[in-house]
Amino acid sequence: MAPAKKKAKVEGIERTPTERRVRPTSRHLRILSVNVAGLRAVLDPAKNKLDALVSVVQAEDPDMLCLNEHKLNPGDVDDAKEKLNDAFPEFPVDLMQFACCTARKGYSGVAVLRKRDVGSVEEGIRGSKDPIVSSEGRLLTVEFPDLAVIAAYVPNSGQDLKRLEYRVETWDRSFSAYVASFAKPVVVVGDLNVARAPMDIHNMYARPDFRELHEKPLEDQYVGLAAVKKQAGLTVEERESFGRILADSGVVDTFRHLHPQATGRFTYFSQRAVQNRPKNKGLRLDYVLASQTMCSADSLSSSNPKIHDSYILDDAPQIADHCPVGCDILLPEEAATQLPS
């Protein structure tokens, strides 16, 4: 019997550099999304996390700041707003919108901070009867005359995949229909809790056929990785479902659209293994999705904003177990008068 082949050992995964495009001088909208894994801890001076968030926000200077998984209870929001305004005076308190989980304490939640009072903000999915949508504070939509921006924190399938069926059969389908319902371009930004492609999953980099994995059926990508197949966000069902969201709602994974060959670009590093982040062993779970019309070569028309850049800030100061992601949206002349500059 031939000796068993040894698996390739991955000591560290190299990152493909992706050059940032110069920030537009014309009117544009910069959106930054950060999973803070508990805003109370970030705002606690004793935790030494606020300086990292301030550093990132000051460097990026976003027009809209989206915070995922803030974990605040409704009664904590006013105090958090004041502390955020102290750290970021450019974001007025009355333009901070929080969606909180009311089903359980210290769980889930998204927030949107804006510099200017432009656009209306709506929580959840209009018309949805799903109790998780209405009680877990996972969606905020900022709607402008010519653009809708959805800040999302998608449910994790959970330990032992207890929520997997709900996630792919109920949440994903409802979310996809919601995104598709807008008669205007849409941007979705946040922690979508799924790794789309083999290059978004660090475990697959050790496969000798890694470069060809994306051409194989999803089932065949897990050879020798049975445990990975059972992890929330990495299952065949979730990855297939995410592909359906892109197709059914007509949106594009903007980072992959601009950087199709980039490898080693992750947005999440498990804190259970302390060496994962130094060795760049992570997952890409955070995204900026945008309508196909915003990503085509001729998208800059009188009615369509355009994705100018999409980026992962995986070299930013560490705030939590996720890295910030963001985008720059170039605004056409007519829309620019109606959107933040």
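First, the ground rules. Because the model is predicted, local features need pLDDT of at least 70 and side-chain atom pairs count only at pLDDT 80 or more, while totals for chains, interfaces and linings use all residues. Residues are numbered from 1 along each chain as its sequence is written, and side-chain values use heavy atoms, with hydrogens and water left out.

Let me start with the overall fold. The protein chain holds eight helices and twelve strands; these are DSSP runs numbered from the N terminus, helices being H or I with at least four residues and strands E with at least two. The radius of gyration is 20 Å, which agrees with the value near 20 Å for a compact globule of 341 residues. That radius is taken over C-alpha atoms, and the globule rule is 2.2 Å times the number of residues to the power 0.38. The C-alpha trace spans about 70 × 50 × 40 Å along its principal axes. Of the 341 residues, 55% are buried; buried means under 20% relative accessible area, exposed over 50%, and partly exposed in between, with a 1.4 Å probe and protein chains only. Among contacts (heavy atoms within 4.5 Å) with a separation of 6 or more, 73% join residues 24 or more positions apart.

Next, the cores. A nonpolar core here is a set of buried Ala, Val, Leu, Ile, Met, Phe, Trp, Tyr and Cys residues joined through side-chain atoms within 4.5 Å. The largest has 30 residues, and Ile31, Met64, Phe144, Leu147, Val149, Val187 and Ile329 have the most contacts inside it. Strand 7, residues 147-153, gives the most to this core, with four residues. Leaving aside residues up to four places away in sequence, Val149 touches a list that includes Leu29, Ile31, Met64, Phe144 and Val187. There is also a second, separate core of 29 residues, with Val34, Leu84, Ala111 and Leu313 among them.

Of its 31 lining residues, Asn156, Ala232, Tyr268, Ser270 and Arg272 are the closest to the centre. On a 1 Å grid over the protein atoms alone, a pocket is an open set of points where a 1.4 Å probe fits, with protein on both sides within 12 Å along at least five of seven lines; lining residues have an atom within 4 Å of a point. By class, the lining has ten nonpolar, 14 polar and seven charged residues. Asp, Glu, Lys and Arg count as charged, Ala, Val, Leu, Ile, Met, Phe, Trp, Tyr, Cys and Pro as nonpolar, and the others, Gly among them, as polar.

Two backbone points. Most residues other than glycine have a negative phi. Ala37 has a positive phi of about 50 degrees; Ala37 sits in the loop between strand 1 (28-35) and helix 1 (39-43) and counts as partly exposed because its relative accessibility is 25%. Ser108 has a positive phi near 60 degrees. Ser108 lies between strand 3 (96-99) and strand 4 (110-114), in a loop, and is buried, at 2% relative accessible area.

Last, Leu246, in helix 6 (residues 236-249). Leu246 counts as buried, at 8% relative accessibility. Beyond residues up to four places away in sequence, Leu246 touches Arg196, Val251, Asp253 and Leu289. Leu289 is 43 residues from Leu246 along the chain, with 8.4 Å between their C-alpha atoms.
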